[in-house]
Amino acid sequence: MGDHGAPDDIFRHLFESLPVGVAYLDRECRVVIANPSFTSITGLDAEEINIREHPPFADREARSRIVDILNSGDSSSFEHICTRPDGERVHLRTWVHPLRSDRIRAMIISMDVTDGKEKESMLRSSHRTLEKLVAERTSELKSKNEEMEWLLYTISHDLRAPLLTISGFLGFLREDMRAGNSRRVEEDLRVIETAVNNINEMLEGTLKISRIGRILASRERVPFADIVNEALTLTRESWCPEELMW
């Protein structure tokens, strides 16, 4: 069997090559030794880490969390912000493992999860944006449905008058044709034609609304005499003299 090196050498090689930051704390919670990944994550070199008191990679709240975990005697982890000497803030996930040793109190493992947090933040932002878009589209669809319901009600209501006029004057037309009253026949046909034109205008307006996609509530001036004449045309009896029309 070949010589693969002493166990201490193997351990040191493994310790120094780990992709996550690993450090050991003494009884006063000072860093005794740290691997290159740990110094890279924190931005502190080995000498700075060794001469500083308390974990130099943690703020007051994070140090308090570390102490609480050590006092509990159970391993645990938490997330915190590490401000590097150059001012860059990195998001760390730190595991604290208490050790039963006279000199070493704990092993610390820290992983930079900044990228994951940024992606998570972007995902939350995208989710909020999507929720907002869905809410807007839902509100828009609700508004369109309400407009469509109103439009259908209005069309059905407005179509009833010219249809009733056509139906009524068809009866008058038959009577006038049997009586041979050509003047009344012409008048009946004129009223029926007007009613048909009104229906056609309503349908054309409906098609325009469907192309626009929204019902635009606009006002327009209409001569009062035109309104009265239209009402008389739609409601007058066959015997109504033409002189009554304005």
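Trainee: Which residues have the most contacts inside the largest nonpolar core?

Mentor: First the idea. A nonpolar core is a set of buried Ala, Val, Leu, Ile, Met, Phe, Trp, Tyr and Cys residues joined through side-chain atoms within 4.5 Å. Buried means under 20% relative accessible area, exposed over 50%, and partly exposed in between (1.4 Å probe, protein chains only). Now the case. The largest core has 13 residues, and those with the most contacts inside it are Leu-25, Ile-66, Leu-70, Phe-78, Val-96 and Ile-108. Strand S1 (21-26), helix H4 (60-72) and strand S5 (104-112) each supply at least two of its residues. H4 gives the most, with 4 residues. Another core lies apart from it, with 11 residues, among them Ile-166, Val-191, Ala-195 and Ile-199.

Trainee: What kind of model is this, and how are residues numbered?

Mentor: This is a predicted model, with residues numbered from 1 along each chain as its sequence is written. Local features need pLDDT of at least 70, side-chain atom pairs count only at pLDDT 80 or more, totals for chains, interfaces and linings use all residues, and side-chain values use heavy atoms, with hydrogens and water left out.

Trainee: How many helices and strands does the chain have?

Mentor: Helices (H or I, at least four residues) and strands (E, at least two) are DSSP runs, numbered from the N terminus. Here there are 7 helices and 5 strands. Their order from the N terminus is α-β-β-α-α-α-β-β-β-α-α-α. Of the 246 residues, 27% count as buried.

Trainee: In which sense do S1 and S2 pair?

Mentor: Two strands pair if DSSP finds at least two bridges between them. S1 and strand S2 (residues 31-34) pair in the antiparallel sense over 3 bridges. Leu-25 stands opposite Val-31 in S2. Leu-25 is also among the core residues with the most contacts.

Trainee: Which residue forms a salt bridge with Glu-79?

Mentor: Arg-93 does, with the closest N and O atoms 3.5 Å apart. This pair links distant parts of the chain: Glu-79 sits in strand S3 (residues 76-83) and Arg-93 in strand S4, 14 residues apart. Glu-79 is partly exposed, at 34% relative accessible area. Arg-93 is partly exposed too, at 25%.

Trainee: With which side chain does His-91 make a polar contact?

Mentor: A polar contact is a pair of N or O atoms within 3.5 Å; within protein, one must be able to donate a hydrogen and the other to accept it, and residues adjacent in sequence count only if both atoms are side-chain atoms. The side chain of His-91 makes one with the side chain of Glu-79, at 3.2 Å. His-91 is found in strand S4 (residues 89-98). His-91 counts as buried because its relative accessible area is 18%.

How values were computed. Salt bridge = Lys/Arg side-chain N within 4 Å of Asp/Glu carboxyl O.
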